[in-house]
Amino acid sequence: MLLDTELAAAMPKAPSPTYSPARNMQTTGDIAPPRHSVRSLASSRKSSLMSTSCTATSTAAFETHDSAAIASNGASPRAPPRRKSVHMPKETRITAERLYDYLERFDIMLIDCRPRADFDQGHIYSRNVICVEPVGLRHGMSAEQLADKLILSPEDEQEIFHNRDQYDLVVYYDGDTMSETFLSRPQNEAEMHLKYLHEAIYDFNQEKQLQRPPIILIGGIDAWIDLVGNAALVTTATQARVKQGRPLQRRSAVRDGQQKLPKQRLRDYNPLDAEEEQRWRDRAQSESVPEASSFSQHEANEYESDDADEVTRFPNIDEFNARFPDAGTLAAQAPTSNLISPGLKAPKYPSTPEHSVYPHPPPPTRPPPAAPRVSYTGVSDRAVSQSTPISRTSSQLLPYVPQRYLAQNLRLPKTGIQNFGNTCYMNATLQALSATTPLTIMMLDDQYKRLVQKDNWKGSRGLLPEIYANTVRSLWQGDVDYIKPTTLLTFCGRLNSTFKDPHQQQDAQEFFSFIVDCLHEDFNAVWSKNPLRVLTEQEEAKRERMPALVVAKTEWGRYVHRENSFLTSLFYGQHSSRLRCSHCNFTSTTYEAWALLQVEIPDARDAQLQDCLRAHFRDELLDVENQWSCPKCKTPRRAAKKLTMTRAPPFLVVALKRFKSNTRGDQRKLRTAVRFPLTGLDMEEFILPQPSPQEAQEVARKYGQDALKVEDSLTPPYMYDAYAVVRHLGDSTRSGHYTALVRDKARTCWRQFNDTRYEDVQPETMRPDQALDNEQAYLIFYQRRTAHEPRGK
């Protein structure tokens, strides 16, 4: 019979000689409570064997207000950091496809285990990549000894390795290793060096312990090239500097074209395991509101007198608390089987009809070419034929919308949201998102369930949409004065520890980006597609000569190749960034999609939003300290940078950059009153113009008539009306207070939400210091007018 080592490890241990029972008592000041007591060890033995460690991660923040503070600060600030690998699946390998996505989402440290000459010829493009030459590795080497070996490496590489314990994950690679079996049975010298590297940075690493075990990139640099192409590599010249004895410095990328740096980190690298996922799913289902009952109840309430005193919506306080538990008791509460009043009968809506079908047949297309034409889109024209059905994007379909769901018939709820300490940033953002009617309608009538991608590891396995839908339905139920979205707050803190502590103020812009990105991934139907190859220099040069309209359409198609969801069709726009060398006039253009248009504002008494937008999109001179490394001149040059919108989203969210940080990290708020129109924001001057008749003829001649067909996103007019404003009161993003104002179109008024309280207001009657466009405006939500809607109501 084999000894169960895990059971033995879980057995109670004798207390340390320095153990003091007094530490079990409540303490004050900086005295840290003990990790264990005799009682806690005895009582937790069984649970430690049966429950996963992720339970503590998901519930510790809401045990009680006191324990939340202890959990967020750690048991002892002086204790050494514990490796997160205890809580994580122990990955030992990663594919190039997975690494491509990891680099965009997490803080990854890359170690290139090849000779520096090969490293300089081309390595993976990342801010956090270092070269460790195999010749310097030996058996039994520690991480500290390896750091000494890097003394001749560039300073930034030494700094990256010094901070190795701060990265979510460390990935190492060589040329072409295809397996991780070298960890136990190395077959050759190259695999032996990889084993020495793994042992040095993980097994013999005492001072800067990694958060998780390092993992090998399967296939090495060759697999990366096969995925994204040679053009995705970056070259350096560190070896020549070493030979000449000059100070080492990392050279900037030779080409600026398709290289892209990781986007803002929105989630932690801490995936859910199967057991924890099921617990969250059970919890969400136990709190769900039946399909459509939320809207029908809200609709019934709306036809009652708005001025009449509201009756008690629950027969007793116990039923209210059962549906909306306090934050401090939620974690310990077992999911109940039925949280809905047994007397409430949910009406059944008829199923949504199929999408409308266009009555006319598709227009004829050109016959297929005799040989496939090379296209930088990554798709050959040979695949197109007369018999090939024409696919339609979500924005081209004509979905059926019930009359009650039309914007002019929707009366927004008058339900507030509980503040759990400093969660007003979440409350204000949720009220603005609730006023985004297409997203809300999808949650109210269960359309979202057809779109959820539970296999997408980049999202939440469909959990966030379900929890968010419960929150929206509770808001629209209309049977309480305010709701307590404890599950949503807790789960957001599980996905991103930034939002874990309800007593810590956060930035509403960051929360908006987080929740939109998470919902996007949960609805992203093309998440599993491989990324398109990066353009070569020749393909980029060809693209620069192509008509801007054709390129804009193509680049958006390349983006939605892997990033296409319902959220994409609502909030996501795109802009081009063109750099022009002042010496040789060489141009390079990149394209970027975004869901939040962040605009600089002046430090003045007041300003106009239109002027701020003009400053954002006008030509910018890159001079002196930020010169552009021109690919043609092969040297830094002065350059002109020009931004142009190449896709106008149906819902435009403008973020005003009110906070400036100095070199010490201190924030200063700009209290400029940015005057913005509530109706009729014209964005046409910032968007790619329509081609002239002569240009249209040339485009049709070279690329066919289909090249001139564009979606509404590039068809004027581009008029927007405001429907929500998020305000910030205070001096920094980590302090102050957030409120929201939303437009109730059916009632022809605006509603101000201040956590649990609300007030209907008319903008034209508000005092100047209380106006919607005062110095507190932080996020402005705009909706684009439809073609048959000449004026905003």
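The legends below describe close-up views of aromatic rings in a predicted model.

**View 1. Tyr172 and Phe182 form an edge-to-face aromatic pair.** A total of 22 aromatic pairs is counted in the model. In the pair shown here, the ring centres of Tyr172 and Phe182 are 6.4 Å apart and the planes are at 80° to each other. Tyr172 belongs to strand S5 (residues 169-173), while Phe182 is in the loop between S5 and helix H9 (189-203). The two residues are 10 residues apart, and the pair links distant parts of the chain. Tyr172 has 0% relative accessibility and therefore counts as buried. Phe182 is likewise buried, with a relative accessible area of 0%.

**View 2. Phe617 and Phe686 form a stacked aromatic pair.** The distance between the centres of Phe617 and Phe686 is 5.3 Å, with 20° between the planes. Phe617 lies in helix H24 (residues 609-617) and Phe686 in the loop between strand S22 (681-682) and helix H25 (693-703), so this pair ties together parts that are 69 residues apart in sequence. Both Phe617 and Phe686 are buried.

**View 3. Ring pairs join several aromatic residues into a cluster.** The members of the cluster are Phe512, Phe571, Phe651, Tyr723 and Phe781.

**View 4. Arg98 lies over the face of Trp457.** The distance from Arg98 to the ring centre of Trp457 is 4.3 Å.

**View 5. The charged end of Arg164 sits over the ring of Phe161.** This charged end of Arg164 is 4.4 Å from the centre of the Phe161 ring.

How values were computed: Residues are numbered from 1 along each chain as its sequence is written. This is a predicted model: local features need pLDDT of at least 70, side-chain atom pairs count only at pLDDT 80 or more; totals for chains, interfaces and linings use all residues. Side-chain values use heavy atoms; hydrogens and water are left out. Rings of Phe, Tyr and Trp (its six-membered ring) pair if their centres lie within 6.5 Å; planes under 30 degrees apart count as stacked, over 60 as edge-to-face and the rest as tilted. Helices (H or I, at least four residues) and strands (E, at least two) are DSSP runs, numbered from the N terminus. Buried means under 20% relative accessible area, exposed over 50%, partly exposed in between (1.4 Å probe, protein chains only). A charge sits over a ring if NZ of Lys or CZ of Arg is within 6 Å of the ring centre and within 35 degrees of the ring normal.
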